[in-house]
Amino acid sequence: MNIRKITLHRLKMKLKHPFRNSLSAVSEKEFSIVEIENGSGLSGYGETVAFDAPWYTEETNETTQYMLEQFLVPLLKAAPISHPSEVQQRFQAVKGNPMAKAALEEAVWDLYAKEQNLPLHRILGGVNKEIAAGISIGIENTIESLLARIEDKISEGYKRVKIKIKPGWDVNVLREIRSAFPSLPLMADANSAYSLRDLDHLKQLDEFSLLMIEQPFAHNDFADHAVLQEQLATPVCLDESIQSLADARTAIALGSCRIINLKIGRVGGLQEAMDIHNLALEHGIGLWCGGMLESGIGRAHNMALASLPGFTLPGDIGSSSHYWHEDIIVPEVIVEKGIIKLNDLPGIGYRLNQEVFEACRTGKKTFSL
Ligand code: MG
């Protein structure tokens, strides 16, 4: 590959609807779009998915920017690469910081796919041309407004609904949802709001036939998740806990979960995500692709990943218009009857909407090779 220029674009976008979980509320998203240009006029794009504070994992916008500028861009510049799968190994020189690594690695994959004149999903080995779309709805002020939002999303065709739960907003809320929507494919994400002391309380969730309960305990609590999974009929899904292939192996060995929510940014890139996908497939672990309130660039990468055969559950991959007044890509991502159709254009399959992109941009930094 002939990488000539790397640009870190910083953007800020206002969410259509503020998103609240057990730990934080997000009404505006700041992130970086990494652009990598080759010598033949092609650009590959990736997106950082960290938030402005370290409530999800330890990374933030500022730390991803710092790691990219000080370490990862110089590492990528240090020697040529012939295939994007080499980036994962090169970045092993830097401990942690998976979201910073993933954004740069995504851009390399996109550029490579464009150089091959092939869609990224084909390069990754994807088999599904249609992605089932699920939607994640944050904590609302009232149960009534949550029920109204669920009603709305069902009428838009979404295949499953995920709600956020925390102590005081869980069994009571799920009971109301179940009585209004008895057969809705439904799941609940706790973002680590509980501990093993809540075991008896969490056992009550079994009565709601949930698809899964996501990340009830702390991210590093593999042992207690295993105890919970043994006592719960509802499958446990891990999100924050799985930051690498090694974490996935630990969770599978201990029986900490039956399902993994896979996010490219959280695990350090597409190669690591594909390695986890292969392991999950081998062990019969259910898989779906999570979301981080991405713009269209990150969303397009998620869609390519979700085309792999192990993704058997609907992901948090919604339409652009669910999140944004206007997305930074054209065309926008559209959900029709709960399905997103992948296109066969080269790379991620979407172009930048230059006008929106520039309106949202707050800064940029360029590195030439
Ligand atoms: Mg989650």
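Author: We can start with the overall fold and then turn to one helix.

Author: This is a predicted model, in which local features need pLDDT of at least 70 and side-chain atom pairs count only at pLDDT 80 or more, while totals for chains, interfaces and linings use all residues. Residues are numbered from 1 along each chain as its sequence is written, and side-chain values use heavy atoms, with hydrogens and water left out.

Reader: How many helices and strands does the protein chain have?

Author: The protein chain has 14 helices and 15 strands, taken as DSSP runs numbered from the N terminus (helices H or I, at least four residues; strands E, at least two).

Reader: And what share of the residues is buried?

Author: Of the 369 residues, 59% count as buried, where buried means under 20% relative accessible area with a 1.4 Å probe, protein chains only.

Reader: What box do the C-alpha atoms fill?

Author: Along the principal axes, the C-alpha atoms of the protein chain fill a box of roughly 60 × 40 × 35 Å.

Reader: Switching to α11, which of its residues are buried?

Author: The buried residues of α11 include L270, M274, I276 and L279, and also Q271, E272 and H277.

Reader: What follows α11?

Author: The residue after α11 is G284, whose phi is positive, near 65 degrees.

Notes. Buried < 20%, exposed > 50% of the residue type's maximum accessible area, 1.4 Å probe, protein only.
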